[in-house]
Amino acid sequence: MGCPAHILHNGIQHGSDGLNIDLECIVFKLYNHFSIYTVRTEQHKEYRDFVDVNYKQLLRHSKIKWLS
């Protein structure tokens, strides 16, 4: 049994090849939407509290693999 994160990543990677949309672009846009403005980050935290999920800091993507 491999690492669950790697299994999930590989599944999404191969599954997204058949889609007509760029999932990576959507994820980057979601990150940018929440990371730029403090108000949006606070709203995100409030929503996560409402649905009873622990808030974790969103990590920033880097084009250099060893940094991301």
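**Overview**

The model is a predicted one, in which local features need pLDDT of at least 70 and side-chain atom pairs count only at pLDDT 80 or more, while totals for chains, interfaces and linings use all residues. Residues are numbered from 1 along each chain as its sequence is written, and side-chain values use heavy atoms, with hydrogens and water left out.

**Fold and confidence**

- The secondary structure of the chain consists of three helices and zero strands, and its pattern along the sequence reads α-α-α.
- The mean pLDDT of the chain, the predictor's confidence in each residue on a scale from 0 to 100, is 78, and 85% of the residues score at least 70.
- Where pLDDT is low, the predicted coordinates should not be read in detail.

**Surface and burial**

- The chain exposes about 6500 Å², of which carbon and sulfur atoms supply 59%; accessible areas come from the Shrake-Rupley method with a 1.4 Å probe, and for residues only the protein chains shown count as cover.
- Of the 68 residues, 4% count as buried, where buried means under 20% relative accessible area, exposed over 50%, and partly exposed in between (1.4 Å probe, protein chains only).

**Nonpolar patch**

- A nonpolar patch on the surface is formed by Leu 8, Ile 12, Leu 19, Ile 21, Leu 23, Ile 26 and Leu 30, which together have about 620 Å² of accessible area.
- Patches are made of residues with over 30% relative accessible area and no salt bridge; like charges are joined within 9 Å and nonpolar side chains (Val, Leu, Ile, Met, Phe, Trp, Tyr) within 5 Å.
- Helices H1 (4–16) and H2 (23–35) each supply at least two residues of the patch, and the largest share, three residues, comes from H2.
- Ile 26 is located in helix H2 and is partly exposed, because its relative accessible area is 39%.

**Helix H3 and its salt bridge**

- H3 has 13 residues and reaches 18 Å from its first C-alpha to its last, close to the 18 Å expected at 1.5 Å a residue; the expected span is 1.5 Å times one less than the number of residues.
- One salt bridge is found in a search of the whole structure, the term denoting a side-chain nitrogen of Lys or Arg within 4 Å of a carboxyl oxygen of Asp or Glu.
- Lys 45 forms a salt bridge with Glu 42, and their closest N and O atoms are 3.8 Å apart.
- Side chains of opposite charge can pair when their charged atoms come close.
- Both Lys 45 and Glu 42 lie in H3, three residues apart, about one turn of the helix.
- An α-helix has 3.6 residues a turn, so residues three or four places apart point the same way.
- Lys 45 is partly exposed at 28% relative accessible area, and Glu 42 is also partly exposed, at 37%.

- His 44 lies in H3 (residues 38–50) and counts as buried because its relative accessibility is 14%.
- Not counting residues up to four places away in sequence, His 44 touches Phe 34 and Tyr 55; contact means heavy atoms within 4.5 Å.
- Tyr 55 belongs to the segment after H3 and is partly exposed, with a relative accessible area of 26%.
- Neighbours within four places aside, Tyr 55 is in contact with Thr 41, His 44, Lys 45 and Arg 48.
- Tyr 55 and His 44 are eleven residues apart along the chain, and their C-alpha atoms are separated by 8.6 Å.
- Asp 52 also has its place in the segment after H3, and it counts as exposed because its relative accessibility is 70%.
- Most residues other than glycine have a negative phi, and most peptide bonds are trans.

Notes: Helices (H or I, at least four residues) and strands (E, at least two) are DSSP runs, numbered from the N terminus.
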